[in-house]
Amino acid sequence: MGASALLLTVAACGSNGTTAAPVSSGPASSSVPVSSPPPPSSVAPPPVTAPPKSRPTQGVPPGDTAPAAGQVNASALPPEYPHDVTLAEGGSVVVIQAEEGGCDKISAKAGEQTAAQVVVLVTITKAPHGQMCPMHVREISLPVRLAAPLGGRELVLKPGP
């Protein structure tokens, strides 16, 4: 019986990832297999993609510049209108950062452009009275392409029609 116990122990140790319970000199004991960990998953990780291009909600976006101090005149705009402006594409595009809420829509377009100043008209369209609107705020960018780069000209923001 000692030889058979030794043979069982050697056979159990040589098997693929299974072990046998200790063998006693008494009645034959059963072996309890222990499973090995599952093989690594063959699922490929998701492809790495570039983050979506978006404009930051605070500060000057990468690639844009801030207008010179005193270059923006927003005195004609009511307080609830957006006043935050950056310049993109070398000053050829004025970008107004704004927050739209509910059913309100904000738009901007180029107005009169002279050698001394550029006028941008900003319009807020309100929902009709009594219309149900969602209560959420969206950060938006309103790009306005100019006929020529702003350069040293004054940028005047006015309420539009």
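Which residue in β6 is the bridge partner of V93? In this predicted model, that partner is R145.

**The antiparallel sheet**

- An open sheet is built from 3 strands in the order β2-β3-β6, with antiparallel pairing.
- Its edge strands, β2 (84-88) and β6 (137-145), each pair on one side only.
- On average, neighbouring strands of this sheet are turned by 30° against each other, direction ignored.
- Strand β3, which spans residues 93-101, pairs with β6 in the antiparallel sense over 9 bridges.

**The mixed sheet**

- An open sheet with mixed pairing is formed by 4 strands, in the order β1-β7-β5-β4.
- The edges are held by β1 (72-73) and β4 (105-113); each has a single partner strand, so one side of each is left without a neighbour in the sheet.
- Strands β1 and β7 run parallel and are joined by 2 bridges.
- Residue N73 stands opposite V156 in β7.

**Pairing in general**

- Strands of a sheet pair through backbone hydrogen bonds, in either a parallel or an antiparallel manner.

**Confidence of the prediction**

- The chain has a mean pLDDT of 79, and 63% of its residues reach 70 or more.
- Among the elements of the chain, strand β7 (residues 154-159) has the highest mean pLDDT, at 97, whereas helix α1 (residues 2-14) has the lowest, at 50.
- Over residues 4-8 the pLDDT is below 50, and this stretch has 1 contact in the model beyond near neighbours in sequence.
- Where pLDDT is low, the predicted coordinates should not be read in detail.

Methods. Residues are numbered from 1 along each chain as its sequence is written. This is a predicted model: local features need pLDDT of at least 70, side-chain atom pairs count only at pLDDT 80 or more; totals for chains, interfaces and linings use all residues. Side-chain values use heavy atoms; hydrogens and water are left out. Two strands pair if DSSP finds at least two bridges between them. Axes are lines fitted to C-alpha atoms, for helices over the stretch in contact, and angles run from 0 to 180 degrees between N-to-C directions. pLDDT is the predictor's confidence in each residue, from 0 to 100. Contact means heavy atoms within 4.5 Å.
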